[in-house]
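Thanks for making time. I would like to walk through one structure, and you can follow along on the screen.

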Amino acid sequence: MNPELLSTIAVPLPPGRLITSDEGDGGVQTLWLSDGTVSAELWRRIRDQHPRSGVWPLLLDSRDPEDSDFRPWGSGELFPERMSSPDDHDPADLLAKWWATHTAIDEDDDMLPPDKRLAITAPFGQTWPGLAPGREDTADPASWPLSTQNTSS
């Protein structure tokens with residue numbers, strides 16, 4: 001993230017700090033981490049600024065709720081130079097490779113017996129079923145209202 005992008009947002013960011021990546025010389029500031037939870041309304045306002053600012057809000061969680069460093073995000077365990085753009089990948093090819101890797105049977109180094117491993121992908125087993133059929137969007141997802149209700153159970 002270019003820190004100058006933050007000055008292009010017309011919405012004040014909540015209290016927080018820029019996180020510097022552990023990668024390379026440590027000069028890459030990869031994200032703004034707020035000091036606490038932000039409202040759905042603020043998240044929406046920052047998201048609405050994305051076309052102009054290039055900044056995209058994320059909802060992140062730490063590995064351990066008791067970790068005061070908020071790892072990996074707050075501790076800089078981020079490696080943007082190793083990341084690739086989603087545009088560089090064909091979804092069907094990527095999912096097929098992941099499927100093949102997950103369903104591969106290695107008798108010497110497998111945490112699950114073959115029958116249990118293949119039960120996870122039943123009824124397809126090791127055969128990649130392909131992508132589910134798509135459908136036309138009925139509305140622009142950016143226009144959908146954000147719900148402030150907790151839908152977790």
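I will start with the chain as a whole, then go to a glycine, some aromatic rings and a surface patch.

Please keep in mind that this is a predicted model. The protein chain has 4 helices and 2 strands. Of its 153 residues, 19% count as buried. The chain exposes about 11,700 Å², and 53% of that comes from carbon and sulfur atoms. As for contacts between residues at least 6 apart in sequence, 50% of them join residues at least 24 apart.

Now the glycine. Gly76 sits in the loop between helix 2, residues 50–53, and helix 3, residues 91–103. Is Gly76 buried or exposed? Its relative accessible area is 0%, so Gly76 counts as buried. Which residues does Gly76 touch, leaving aside those up to four places away in sequence? They are Ile19, Thr20, Ser21 and Asp22. Leu18 is 58 residues from Gly76 along the chain, and the C-alpha atoms of the two are separated by 9.8 Å.

Next, the aromatic rings. The count of aromatic pairs is 3. One of them is Trp43 with Trp56, an edge-to-face pair at 6.5 Å centre to centre, with 80° between the planes. Trp43 belongs to helix 1, residues 40–48, while Trp56 is in the loop between helix 2 and helix 3, so this pair ties together parts that are 13 residues apart in sequence. Trp43 has a relative accessible area of 16% and is classed as buried, because the cut-off is under 20%. Trp56, at 47%, counts as partly exposed. Elsewhere, ring pairs link Trp99, Phe124 and Trp128 into a cluster.

Last, the surface. Which residues form a nonpolar patch there? The patch consists of Leu95, Trp98 and Leu131, and together they have about 320 Å² of accessible area. Leu131 is found in the segment after helix 4, which covers residues 114–120. The relative accessible area of Leu131 is 51%, and it counts as exposed because the threshold for that is over 50%.

To go back over two of these points: Gly76 is buried at 0%, and Leu131 is exposed at 51%. That is what I had to show.

Methods:
Residues numbered from 1 in each chain as written. Predicted model: local features only at pLDDT ≥ 70, side-chain atom pairs only at ≥ 80, totals over all residues. Heavy atoms only, no water. Patch = residues over 30% accessible without salt bridge, like charges linked within 9 Å, V, L, I, M, F, W, Y side chains within 5 Å. Areas by Shrake-Rupley, 256 points an atom, 1.4 Å probe, with all protein chains shown as cover. Salt bridge = Lys/Arg side-chain N within 4 Å of Asp/Glu carboxyl O. Buried < 20%, exposed > 50% of the residue type's maximum accessible area, 1.4 Å probe, protein only. Contact = heavy atoms within 4.5 Å. Phe/Tyr/Trp six-rings, centres within 6.5 Å; stacked < 30°, edge-to-face > 60°.
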